[in-house]
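Please read it alongside the sequence and structure shown here.

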Amino acid sequence: SWEQSFKGFPNPDGSVISTLSEVDLEERLHELDLRSDSDVPDVPPPTDSTPEILKRALSGLSARWKNWWIRGILTLAMISVFFLIIYLGSFMLMLLVLSIQVKCYHEIITIGYRVYHSYDLPWFRSLSWYFLLCVNYFFYGETVADYFATFVQRREQLQFLIRYHRFISFALYLTGFCMFVLSLVKKHYRLQFYMFAWTHVTLLITVTQSHLVIQNLFEGMIWFLVPISSVICNDITAYIFGFFFGRTPLIKLSPKKTWEGFIGGFFSTVVFGFIFSYFLAQHQYFVCPVEYNSETNRFVTECEPSELFQMKKYSVPPLLQAALGWETVNMYPFQMHSIALSTFASLIGPFGGFFASGFKRAFKIKDFADTIPGHGGIMDRFDCQYLMATFVHVYITSFIRGPNPSKLLKQLLILQPEQQLSVYKTLKSHLVEKGILQPSLRG
Amino acid sequence: MGLPGSQEDIYNPFSTTGLLQSLHSLSLFNLQESESENKLDAETASDSESRSEFGGSAPVPTSDDTPEVLNRALSNLSSRWKNWWVRGILTLAMITFFFIIIYLGPMVLMTIVMCVQIKCFHEIITIGYNVYHSYDLPWFRTLSWYFLLCVNYFFYGETVTDYFFTLVQREEPLRILSKYHRFISFALYLTGFCMFVLSLVKKHYRLQFYMFGWTHVTLLIVVTQSHLIIHNLFEGMIWFIVPISCVICNDIMAYMFGFFFGRTPLIKLSPKKTWEGFIGGFFATVLFGLLLSYVMSGYRCFTCPVEFNNDTNSFTVDCEPSELFQLQEYNIPLVLQSVVGWKTVRMYPFQIHSIALSTFASLIGPFGGFFASGFKRAFKIKDFANTIPGHGGIMDRFDCQYLMATFVNVYIASFIRGPNPSKLIQQFLTLRPDQQLHIFNTLKAHLVDKGMLGSLEDA
């Protein structure tokens, strides 16, 4: 009842009353859960972390233009960092993806602590980081084992770790789970379960996405660059179209978005993706699967470009012939795929952004964090990318490549000898049938 | 659920059934309060504890779903013994049911696993609704069931593709569904995600996000476990029966040892558990596992992998038993020789594995139970639901099984079997010809190395 709950309201500034009795604490939590969003006090706005240099340089301008300039400069800075990392190669990109993942995880977990005032729960910070470590260990082990097969074969200890990888990961996870159960404290059960669930959902979102990004990267840097650029382009062009032509609101959740921006952004992103893929598809550096060369201990991207990246003549459909004046056009097949990727980035990608907006409103926060001045946290920049990485991965496995040959070979070599023999015979008869293998005399 | 004395009657004070039921349940509850130390229920919060956590307000009495038949048969016993009898009878009923469905075969087992999964999901989601009073959120009930459907479609599709390979290849629509399976599942999931985003309503954002998170965590727990159970089942029914029986045996044995010898409390979370029960249960379960495996390893219907026979369109369990299920002589370590009096013993290698399974069931399995106890205390509920009289909901019975299914699956994948050869062939056939040739040659060189292929001409 309301009378009982009045004993347990939090202070307006959000500080915790540390001497709450058990009943009051439970009542307060219950009220926190049930109150409609408008009653919940706001989390204090993040502090301004703009570097001093920028502040001095822009001190002459009015506040509105200053904000524009800060955002603009930071946008350029981020894009330059992006190009720099691409130039530095796949390994740096992997590290970058890993750092972003850790930072996103940290941002979301910190929000959870603030929402539940649970920063002082016993063990909880250690357990959150421990679970992050376990899940990363599991995923990296699965991918690394595939791609670094030759590196791993040479070292005994690594072979052991690879062979029993799932068991070791599971044992590590279980240890964390048991520690969680043992850390349950009488007055804080509900909070602890909330934080446990919050941690797991965050892991599900951030860690799986980042690993799919890395798997896409190994497929070829173009599969990493084109999707990410399409999403960024969609963000920017939807904003620009909305700024100049925006009239009809798109969704109540984000009142600044407009239908004009949405549709304009869609068309521009498709065109951008098309042109960008054309340029990237010409260079082996972007197009070849990333491989690890055990002799030089480096990543190499050298190969015979697959069919996707070889120019083909396409006949222009009669409709467009009149418009463009050409009868055939030389394109890379990959550009057709880029249309699918850009379409997804423009139509479904924004739902990731709406999800993040809803999340921020639900928990009364303006930005995920204040890491990037003018832009908010890392998560704010990556919210539209959530679904993109999964989509690209599913797209590649469904439409582009088959299974990974070296992984298949590795699995074949683990089979029992009798199984290997029967598989060998089946494969041989298949290959002979298809004419790939000359029968009998050559063996 | 169709039992006499249904929910509607209980809450209608003006019906005689309702009146009798409420009086009956209140009296049962009051007597239970005074006899809380002797309660059979070792896993849920004792009444005195739950009273203090409720802050002095009267706890809601559990409605008594015991069927009328039982009520009448046991009406002359005192309520304490009646509780024992009800639990005892229901336990026997559940165990008998378990045996019947094992007899009926893999298809029925799969269906039962699926039903249990759906019921567990429903129970946990209902708790979420009750906690957040969010039963009327727009779309939410539909979305929860939709997500359950999507995730199940994804997992069943992956399993079906592996095990029913030839059936799938024959039927054209199935072949397309299986080739683009991941894409279709992802598209279905995305539809649900977009519906969720579009359904966000201004005043209820937080509740909606909570329910979204709740749904996903529940799916993660319930659906993945049930699919791992089905994978284990396909490996051989023994891999399904032995783990589940070990967990059940550990429950019962730990209770009995605790009842007779229990003195030192084990963990604050479950005050009824004792170290004596824990350790006694451990040894009893290991022994039980050894004996049960010995008995089961002799029968092909338990030890053979379940396969789908295309010609008869049914499941068959017929094979040459693998090494694991062939008797071998083991030397008894000298330490035990003097005790047991034998020099060697004939055992199935599988029995050694069963020791590992029983150990896990006794030592780590209970943590699943503690997790569920903590969850129930956190959300102030006595049981997950009222499905089984005397026992609570389906989840209450399955809480210790959570981790077991994953463990068995990881154990099998790590120590027992290698990859599935037919799946590998299937993947091989989708590769490009030059990749196929490369793999074929490497495999051939490997086999020649091992001496499996005599000379080049023999191949």
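## Annotated spans in chain A

Residues 194–214 of chain A are 100% helix and 0% strand, with end C-alpha atoms 30 Å apart. Helices here are DSSP runs (H or I, at least four residues) and strands likewise (E, at least two), numbered from the N terminus. This is a predicted model in which local features need pLDDT of at least 70 and side-chain atom pairs count only at pLDDT 80 or more, while totals for chains, interfaces and linings use all residues. Residues are numbered from 1 along each chain as its sequence is written, chains are lettered from A and ligands numbered from 1 in the order in which they are written, and side-chain values use heavy atoms, leaving out hydrogens and water.

The unreviewed UniProt entry annotates "transmembrane region" in chain A at residues 68–100, 121–140, 160–182, 194–214, 220–246, 258–281 and 334–356. UniProt positions follow the numbering used here, feature names are shortened, and annotations may be inferred rather than shown by experiment. Residues 68–100 of chain A are 97% helix and 0% strand, and their end C-alpha atoms lie 25 Å apart.

## Helix packing in chain A

Helix α5 (residues 90–116) and helix α10 (residues 189–219) of chain A have axes that come within 10 Å and cross at roughly 165°. The two are therefore roughly antiparallel (angle over 145 degrees). Axes are lines fitted to C-alpha atoms, for helices over the stretch in contact, and angles run from 0 to 180 degrees between N-to-C directions. The contact of α5(A) with α10(A) has 21 nonpolar, eight polar and no charged residues; Ala, Val, Leu, Ile, Met, Phe, Trp, Tyr, Cys and Pro count as nonpolar, Asp, Glu, Lys and Arg as charged, and the others, Gly among them, as polar.

The axes of helix α11 (residues 222–245) and helix α12 (residues 259–280) of chain A come within 7 Å and cross at roughly 145°. Residues in this contact include Phe241(A) of α11(A) and Phe272(A) of α12(A). By class they divide into 11 nonpolar, 11 polar and one charged.

## Chain B and the interface

In chain B, the unreviewed UniProt entry places "transmembrane region" at spans including residues 183–201 and 236–262. Residues 183–201 of chain B are 84% helix, and residues 236–262 of chain B are 89% helix.

Between the chains, 75 residues of chain B are in contact with 79 residues of chain A (heavy atoms within 4.5 Å). The two chains bury about 7600 Å² between them, 78% of it on carbon and sulfur atoms. Buried area is the accessible area (1.4 Å probe) that two parts lose on being put together, summed over both. Arg206(B), Phe371(B) and Phe440(B) lose the most area in chain B, together 10% of what that side buries.

Notes: Parallel < 35°, antiparallel > 145°, perpendicular 65-115°, else oblique.
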